[in-house]
Amino acid sequence: MPISPGAAPAPQSRRELNKAATRQAITDAALELLRARGPGNFTVEDIAEAAGISRRTFFNYFGTTDAALASIVHGFLDNAIQQLRLRPADEPLLESAQAALMALADPKAVAPLAELFTLTQQSPLMAHTELEAWDHCRGQVFAVARERLAGTPGGQDELYVHALAGSVISCGKAAMEVWFSRRGPDLSAGSLAELRQLLIDAMALLGTGFTTPAPSASRSS
């Protein structure tokens, strides 16, 4: 169900909170193993043991180790989508996307996204993990776009909605690639702040139809 602009999310039940805690324990364990052993050097059983759960419980949440790793960035992406849903319904969607990113004020909020992207660039084994994370985000953007445009002329045009969602994700990827080319594996506060600004600037470029950009803080001097 769509969330009305300005509406507060409903409180989670104890069962939902427990499920969220288990899911977070699995993703935390997967990330720790990735850091310690490197890509391809641990199994579902290793993650389950590190998270203090059974193998069966792991598969209640994720189908593969890649899926568990991809979920590391879902927190950031889901927070951005939540902010997008809270924007005014009559606001242009791309303006809403830019505002949603600006609402995530703490540069550390992009740290999981940045770390997974960095690890992916350093290991071809993780290419599928990156693709899964971005595809998750594309699906979310598509759903929001469809909801927002449903009542507008031409809003049910599947090509338009698919193209819009794909363009948003392509701009996000472009921002990540530019950031990595400048910063490499640097995950310092300054580097993460630059990444956040690049993501905002990428949405602005899409919103203006890629007119010649004015200088911004995200560009190197």
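1. Of the 221 residues of the protein chain, 39% count as buried, where buried means under 20% relative accessible area, exposed means over 50%, and partly exposed is what lies in between (1.4 Å probe, protein chains only). This is a predicted model, in which local features need pLDDT of at least 70 and side-chain atom pairs count only at pLDDT 80 or more, while totals for chains, interfaces and linings use all residues. Residues are numbered from 1 along each chain as its sequence is written, and side-chain values use heavy atoms, with hydrogens and water left out.

2. The secondary structure of the chain comes to 10 helices and zero strands, and along the sequence it reads α-α-α-α-α-α-α-α-α-α. Helices (H or I, at least four residues) and strands (E, at least two) are DSSP runs, numbered from the N terminus. Among the contacts with a separation of 6 or more, 67% join residues 24 or more positions apart, a contact being heavy atoms within 4.5 Å.

3. Helix α1 (residues 14–37) has 24 residues, which at 1.5 Å a residue should span 34 Å, and its end C-alpha atoms are 34 Å apart, in agreement with that value; the expected span is 1.5 Å times one less than the number of residues. The buried residues of α1 are I26, T27, A29, A30, L31, L33 and L34, and what covers them includes α2 (44–51), α3, α4 (65–70) and α7 (111–122). An α-helix has 3.6 residues a turn, so residues three or four places apart point the same way.

4. After α1 comes G38, whose phi is positive, near 90 degrees. G40 is found in the loop between α1 and α2 and is exposed, with a relative accessible area of 66%. The C-alpha atoms of G40 and M126 are separated by 8.4 Å, although the two residues are 86 residues apart along the chain.

5. Which residues does F58 touch, not counting residues up to four places away in sequence? F58, which lies in helix α3 (residues 55–61), touches I26, V44, I47, I53, T64, T65 and A68. F58 is buried, with a relative accessible area of 0%.

6. A pair of aromatic rings is described by the distance of the centres and the angle of the planes. Rings of Phe, Tyr and Trp (its six-membered ring) pair if their centres lie within 6.5 Å, and planes under 30 degrees apart count as stacked, over 60 as edge-to-face and the rest as tilted. By this rule the count comes to three aromatic pairs. F58 and F59 form an edge-to-face pair, with 5.4 Å from centre to centre and 85 degrees between the planes, and F59 is partly exposed, with a relative accessible area of 35%. F58, F59 and F62 form one aromatic cluster.

7. The rings of F117 and F180 have their centres 6.1 Å apart and their planes at 75 degrees, so this pair is edge-to-face. F117 lies in helix α7 and F180 in helix α9, so the pair ties together parts that are 63 residues apart in sequence. F117 is buried, with a relative accessible area of 4%, whereas F180 is partly exposed, at 21%.

8. E115 is also found in helix α7. Is E115 buried or exposed? E115 is buried, with a relative accessible area of 17%, and, leaving aside its neighbours within four places in sequence, E115 is in contact with L31, R35 and L187.

9. Helix α9 has 26 residues and reaches 37 Å from its first C-alpha to its last, close to the 38 Å expected at 1.5 Å a residue. Its buried residues include V161, L164, A165, V168 and W179, and what covers the buried residues of α9 includes α6 (93–103), α7, α8 (127–149) and α10.

10. The axes of α9 (residues 158–183) and α10 (residues 189–207) come within 9 Å and cross at roughly 145 degrees. Axes are lines fitted to C-alpha atoms, for helices over the stretch in contact, and angles run from 0 to 180 degrees between N-to-C directions. Residues of α9 including S167, V168 and W179 meet residues of α10 including G190, L198 and L206.
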